[in-house]
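I opened this entry to keep track of what I looked up. The sequence and structure come first.

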Amino acid sequence: MTTVRQRRVGKGTETAEDQPSEEKNVNPDRKILSDHTGGKVWKILSITVGGIVAISLGLLTSVYVATLHENDLWFSNIKEVEREISFRTECGLYYSYYKQMIQAASIQQGLHGLVYDNKTESVRTINILERMNVYQEVFLSILYRILPIQQYLEPVYFYIYTLFGLQAVYVIALYVTSWLLSGTWLSGLLAACWYITNRIDTTRVEFTIPLRENWALPFFAVQIAAITYLLRTHLQPVQERLTFMAVFIATFLFSLTWQFNQFMMLIQALALFILDCFDMLPTAKVTWLYIIQISGLLLVCLLQFFNSMILGSLVISFNTSVLIARTIQKNLKKGALLNRLGKLIFHVLLVLCLTLLINKFIKKILNLESDEHIFKFLKAKFGFGATRDFDANLYLCEEAFGLLPLNTFSRLSDTLLFYVYIFVLFLMTVAAVIVAFQNLSGSNQVQFVEKMEECTITLKPDAAYNLIHTVLFGCLALSTMRMKYLWTSHMCVFASFGLCSTEVWKLILKCINLYTSQRTHVIKYSVPVITLLYISYKFWPGIMDELSELREFYDPDTVELMNWIKSNTPNTAVFAGSMQLLAGVKLCTGRTLTNHPHYEDKNLRERTKQIYQIYAKRSPEDVYRILRSFGTDYVILEDSICYERRHSRGCRLRDLLDIANGHIMDGLGENEPDLKPSLYPRFCEEIKKNLPSYTIHFSRVFQNKTFHVYKLAKHK
């Protein structure tokens, strides 16, 4: 197991830009011109200062996470094999393709090796560019080869510095989104500070560097910023076209770099659909956003050699259905309240039915089953029946795919983020409900008359989009912990926007009969400044302590295993074992694998289940036959899996295999009535006794405290 240990010593003030003054200018023409010129200069100055602050915060965040990574592993001092082992599980698999491209004799040979890969899955030739989202590794490796930096920068540093650099893009995009929503860069400053102080819950880039989300989320944040700007009113045609182009590029890059792109795009499409149904967004812009999503995904599909999983995605079926349904129902947004509600219900049902029909038709034509494990997992997760499916249970038992832990909210509350977020979310949700009712009823405004005071509720399109976005991605995060990083980063944006928004404070003050323009502006700037001072006072010492804490990478057993494989096995040897370990074997040794952690393929899932019989109650003959069918030369057994204690009974890997095989689980506890005792003991335990029935097929060639490597006999 990879661990870290303690390192041994010896070895402002600004002017709002969001809303024009409510007071009418009645001064002479010369005074008007003077005020206009002064206001324009002040606006340019404010934008310049805000831009400098944004770039500075982005760069500081990059340096911050890079320093944490170095301090945690002593990355600059450890051996190459230790650096590679630090890229755990699927991270190591992705990085191995970057390394493969760097070490290839030429770029053409490197690309050929990826398109016709026979080392990632034994006895199979697969197209890595089709199966996995590794174009970023390809691009980065080509860039490293053509730039004159080889003498000054190692390939691994070029790779990790690029990822840390993307964190600067991420923070700047969050900053800009909050600035666009509130009209003041103070909001962006607060959003960035919240992102940094809540780092544990907003990013994990410093210890999972090559993970796909660390590539994709910065582009997703840029896309959200571009959409936020696009939904502003009174944009010039040139501004609109440029913004649409920015949205398309960001959508394409996001989709190209993450295999879960289609599910994120679906949630975004649902947000657009909901807002469009309630007439809260311009229909023409929403239509173009649907088309951009489809175009971006289809372009990715083309680059991934017509990846069928993209073609069969729900988001393409959904967006197509919405566009078709719109053509059928042309008068959807006309009529009285009850008439419109009836049309709306029919529209939703029509879109839903069309989506299911189109998606089923595409999957039938393409014979697509690659994503069936996701729907099995969702069905079991939300209580639509228990399952014995191995793949679904493998996800259900992983903490990352469980519900969001409650201690997340206590951490977010320490920085005041969660409290402010809930406050803003409540106000904006109430405003959205009122505006939606107002739009459906056809009235121009909804008024609450209280003590002869008028309180008019409005909601700008950009704010409405970000509201629904945060609600939907919040639901996703609550249901699946791994997806919390999509929500918590936007939570920083949304909370800071509300705290710095003229509209929010104006609404609150009007409803309690305390509104004045001056009071609104004082609160709008003073509350965020006080919040920033509180965050700085409470968390700055902790950040400094964190940056001064020095540790080092320590995993001698895995290092010993990798060195043994490189020194004592042929380059063509085929290894079987756990998905997580084999990713490291490929990266560190270049040996051929039987299976790996990129689980989005039905054949690979079936293969992995078969390989994992080494931890089940099977006969040595059965296990030998299975392993040899995949061309296995060596099998690696891990004590941490064979005698697992990390999960409770029923979620240990050996338990999942027993249930899938119809066998009773080990240990005290209940079993389902139709499960039967196995005729054979557990393979990973029994093989260590060196019984003749095992040694005839398997001979131990390596052993340490963690790993046992057995060589398979080659019977004629």
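I am working with a predicted model: local features need pLDDT of at least 70, side-chain atom pairs count only at pLDDT 80 or more, and totals for chains, interfaces and linings use all residues. Residues are numbered from 1 along each chain as its sequence is written, and side-chain values use heavy atoms, without hydrogens and water.

I looked up α13, residues 283-303; helices are DSSP runs of H or I with at least four residues, strands runs of E with at least two, numbered from the N terminus. Its 21 residues reach 30 Å from first C-alpha to last, close to the 30 Å expected at 1.5 Å a residue, where the expected span is 1.5 Å times one less than the number of residues. Among its buried residues are L289, Y290 and I292 (buried is under 20% relative accessible area, exposed over 50%, partly exposed in between, with a 1.4 Å probe and protein chains only). Just after α13, I found F305 with a positive phi of about 55 degrees.

Entry 2, the sheet. I read the strand order of an open, five-stranded sheet with mixed pairing as β6-β5-β7-β9-β8. Its edge strands, β6 (592-593) and β8 (698-703), each pair on one side only; pairing takes at least two DSSP bridges between two strands. β5 (574-576) runs parallel to β6 over two bridges, and F575 has L593 in β6 as its bridge partner.
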